[in-house]
Amino acid sequence: MAKNNLPTSLYTAAQVRQLDNLAIEQGGIPGIQLMKRAGRAAFDNLLARWPECSSLIVFCGGGNNGGDGYVIAALAAQRQLNVVVVAVTEPASLVGDAMRAYQYALQEGVAIKPITELAALEPDASTVFVDALLGTGIHGAVLEPFSQVVEYINQQAQPTLAVDVPSGICSDSGRVLGCAVKADATITFIGVKQGLLTGRAPAFVGELIFDDLATENIESDDYQSARALLKASALRIDGAQMQGRLGARELDAHKGLFGHVMVIGGDSGFGGAVVMAAEMAARSGAGLTSVATRPEHVGPVLTRLPELMVSGVSSGQSLEPLLARPSVLVVGPGLGRSPWSEQMLQQAAKKDLPMVVDADALNIIAEGRVLPSPWRENWILTPHPGEAARLLDTDIATVQADRFKAARKLQLNFGGVVILKGAGTVIAADDSVYLANVGNPGMATGGMGDVLAGLLGGLLAQGVAPLEAAMIAVCAHGDAADLAVADAGMRGLLATDLIPYIRELLN
């Protein structure tokens, strides 16, 4: 998904409807005027993105989404574009502003065809599709005849602009409701819907464009007061917002001021994970970094990075005395799920130190043997959807169906800060939820989580609060991936490729 200058506040569909009603009732803007503003914004953005467009096919449903489509068609006709509307909802059933928009399109001479003529459409190289089928009002699966139209749109080679949301995407969660329009761009209005930035949605939204329809400029005190009372459902974060959060170091600084991270993990066959996490912790600015791992990994770890202090531990008993030294623990990279693994986590959990819990440490916690009542304020949990499902005793599909809900529940159950990784990473802490609009598909490779865990540990060691560390780390991690991809492309991106870029970003 292309990353534009989107607002910070994200909303549910119900909240956006509240904002829409406030603009009408408190702001004094008639609904049809808001609809025409939406149509104008969509049409202007369509021409800016596809200036060679001379032909438009607009697929209209009922309700306000369909109304927006009729306005777009009317504006296209005014510009003497060849425009056709496919009315998937019978126009005679339209009411209110949607009916007014339909009449506006008729007034401008727009050709309106029933869905029965779908197969007879003849788009050419200059034709752009406009998806104004369903909007935010859909809750269940997309049904006929809408699913037939979604399939038709996706089968064609035409560029497609989705109005408000791609039809078939749940704007609250980002899940696909049976089928969905795969758009090249989506323009959304009044407030950015939280689901457009996470789950499956980024694969269908394309470039996300936002237009507030000039509602921010409403001068009514009643409107502004009512809007201020409506709390965003989540807050969007990105790398630009994180710049400058790490202060400059004093000229007389020494390593003792920047903490000691210990990475615990690396069961047999998984030694690389602790190396990646530890290198990232050191490169992020931790004063000291140590590793506790299987004895056979000591030599390779030191060969990779001699700045690390590496101890081979064969049992929890041999780990225990080493835990007197660090100020922060990172537990889980390459930890495995053997008896040795459980002993490592058990010893670490006895210490009341800030802790990053990742990978198999999360799976062991989910099994309930090592930490029967796991809840603490000073840790950061970093599950991917599979690990989150195990922690919540559910399945991946349920987690992905509502990533916001899953992250909130994890935080409520386990405390601390929860980072639910994936497209549109969700961060939950106390009563706040954040969505990181960063990263790219090149990150779908092993070791990325280990680098993130090490980065989190390094920031905690330097005195950064857990929530702040989570936001900085997730954004730097994603932005580093974008920089690496810009240099060499997505395919073949390795987790260690990110480390020098992250260091640069932190500085």
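**Exercise 1. Which residues does Ser290 touch, not counting residues up to four places away in sequence?**

Before the solution, two notes on the basis of the work. The model is predicted, so local features need pLDDT of at least 70 and side-chain atom pairs count only at pLDDT 80 or more, while totals for chains, interfaces and linings use all residues. Residues are numbered from 1 along each chain as its sequence is written, and side-chain values use heavy atoms, with hydrogens and water left out.

*Solution.* Begin by placing Ser290 in strand β12 (residues 288–293), where helices (H or I, at least four residues) and strands (E, at least two) are DSSP runs numbered from the N terminus. Next, list the contacts, a contact being heavy atoms within 4.5 Å: Ser290 touches His260, Val261, Met262, Val263 and Met309. Then look at the side chains, where a polar contact of 2.8 Å joins Ser290 and His260; a polar contact is a pair of N or O atoms within 3.5 Å, and within protein one must be able to donate a hydrogen and the other to accept it, with residues adjacent in sequence counting only if both atoms are side-chain atoms. Finally, Ser290 has a relative accessible area of 0% and is therefore buried, given that buried means under 20% relative accessible area, exposed over 50% and partly exposed in between (1.4 Å probe, protein chains only).

**Exercise 2. Describe how helix α19 (residues 498–506) packs against helix α9 (residues 271–283) and against helix α18 (residues 466–488).**

*Solution.* Two packed helices are described by the angle between their axes and the distance between the axes. Here the axes are lines fitted to C-alpha atoms, for helices over the stretch in contact, and angles run from 0 to 180 degrees between N-to-C directions.

Step 1: α9 and α19 pack at an angle of about 20°, with their axes 10 Å apart. The two helices are therefore roughly parallel to each other, since angles under 35 degrees count as roughly parallel, over 145 as roughly antiparallel, 65 to 115 as roughly perpendicular and the rest as oblique.

Step 2: identify the residues that meet, which are Met276, Glu279, Met280 and Arg283 in α9, and Ile499, Ile502 and Arg503 in α19.

Step 3: α18 and α19 pack at an angle of about 120°, with their axes 8 Å apart. That makes α18 oblique to α19. The residues of α18 in this contact include Ile472, Ala476 and Leu483, and those of α19 include Leu498, Tyr501 and Ile502.

**Exercise 3. At what angle do the axes of helix α1 (residues 13–25) and helix α7 (residues 221–228) cross, and which residues of the pair meet?**

*Solution.* The axes of α1 and α7 come within 9 Å and cross at roughly 165°, and the two helices are therefore roughly antiparallel to each other. At their contact, Leu19, Leu22 and Ala23 in α1 meet Tyr223, Ala226 and Arg227 in α7.

**Exercise 4. Where are Leu213 and Ala359 found, and are they buried or exposed?**

*Solution.* Leu213 lies in the loop between β9 (207–211) and α7, and its phi is near 55°, a positive value in a residue other than glycine. At 5% relative accessibility, Leu213 counts as buried. Ala359, in turn, is found in the loop between β15 and α13, has a positive phi of about 50° although it is not a glycine, and counts as buried at 17% relative accessibility.

**Exercise 5. Which residues does a cis peptide bond join, with omega about 5°?**

*Solution.* The cis peptide bond joins Glu144 and Pro145, and Pro145 is found in the loop between β5 (127–132) and α5 (146–155).
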